[in-house]
Each structure stands twice: as C-alpha cells, then as structure tokens.
Amino acid sequence: MEGASPIRAWPVEDRPRERLYHKGAEALADAELLAIQLGTGVPGVSAMDVARGMLARHGSLSGLSALSVAELAGL
C-alpha cells in the first residue's frame with residue numbers, strides 16, 4: 001500500500017468525490033465510497049489504499065459495519 005500517489009494527484013475526473021458528485025453513488029465502488037468517508041489516508045498511504053485494505057480484511061461494507069467503534073479505531 002505504501003508509495004501510492006495521493007488522491008489529490010489523480011486526474012480530477014478520476015477522484016472519488018468528483019465522481020460521486022457527477023455520476024452518483026451507484027457509479028462508485030465500495031472502496032471509493034469508504035475513502036470518501038475516511039476523508040484522508042495516513043502518511044504514505046492514500047485514503048483509497050486504506051479503504052481497500054479495510055475491505056480486504058473485513059470482506060465488505062457490511063463486515064465493517066459489524067465492528068465496534070473501538071475495533072474500527074484500531075484498524
């Protein structure tokens with residue numbers, strides 16, 4: 001996951017927030033929707049990569065929704 005370019009470096013038309021605005025939520029993948037909710041990544045890891053990792057570990061947005069706040073904070 002490290003070394004990925006930050007979302008702000010992506011072409012505007014590929015950024016999740018802009019795609020949500022122009023095409024609607026149904027046009028986005030779960031990882032993109034989650035990245036929007038996260039807002040930012042961590043140093044060296046974009047919000048998209050954080051979201052992909054969370055989904056890979058927990059299977060789906062439903063799997064993530066079953067976690068407690070404490071469990072989510074520990075991800």
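Predicted model: local features only at pLDDT ≥ 70, side-chain atom pairs only at ≥ 80, totals over all residues.
User: Where is arginine 19 found?
Analyst: Arginine 19 lies in helix α1, which covers residues 16–23.

User: And what is arginine 19 in contact with, leaving aside neighbours within four places in sequence?
Analyst: With those neighbours set aside, the contacts of arginine 19 are Glu13, Asp14, Gly24, Ala27, Leu28 and Glu32.

User: Turning to α2 and α3, at what angle do they pack?
Analyst: Helix α2 (residues 30–38) and helix α3 (residues 47–58) pack at about 120°, and their axes are 8 Å apart. That angle makes α2 oblique to α3.

User: Is the crossing of α2 and α3 left-handed or right-handed?
Analyst: The α2 and α3 crossing is right-handed.

User: Which residues meet there?
Analyst: From α2, Asp30, Ala31, Glu32, Leu34, Ala35 and Leu38 meet Ala47, Met48, Val50, Ala51, Arg52, Met54 and Leu55 of α3. By class, this contact has ten nonpolar, three charged and no polar residues.

User: Which residues form the largest nonpolar core?
Analyst: That core has eleven residues: Ile7, Ala31, Leu34, Ala35, Ala47, Met48, Ala51, Met54, Leu55, Leu64 and Leu67. Its largest share, five residues, comes from α3.

User: What about alanine 47, again leaving aside neighbours within four places in sequence?
Analyst: On that basis, alanine 47 is in contact with Ile7, Ala35, Leu38, Thr40 and Gly41.

Notes: Residues numbered from 1 in each chain as written. Heavy atoms only, no water. Axes fitted to C-alpha atoms, helices over the stretch in contact; angles between N-to-C directions. Helix = DSSP H or I, 4+ residues; strand = E, 2+ residues; numbered from the N terminus. Parallel < 35°, antiparallel > 145°, perpendicular 65-115°, else oblique. Left-handed = near helix turned anticlockwise from the far one by under 90°. Contact = heavy atoms within 4.5 Å. Nonpolar A, V, L, I, M, F, W, Y, C, P; charged D, E, K, R; others polar. Core = buried A, V, L, I, M, F, W, Y, C linked by side-chain atoms within 4.5 Å. Buried < 20%, exposed > 50% of the residue type's maximum accessible area, 1.4 Å probe, protein only.
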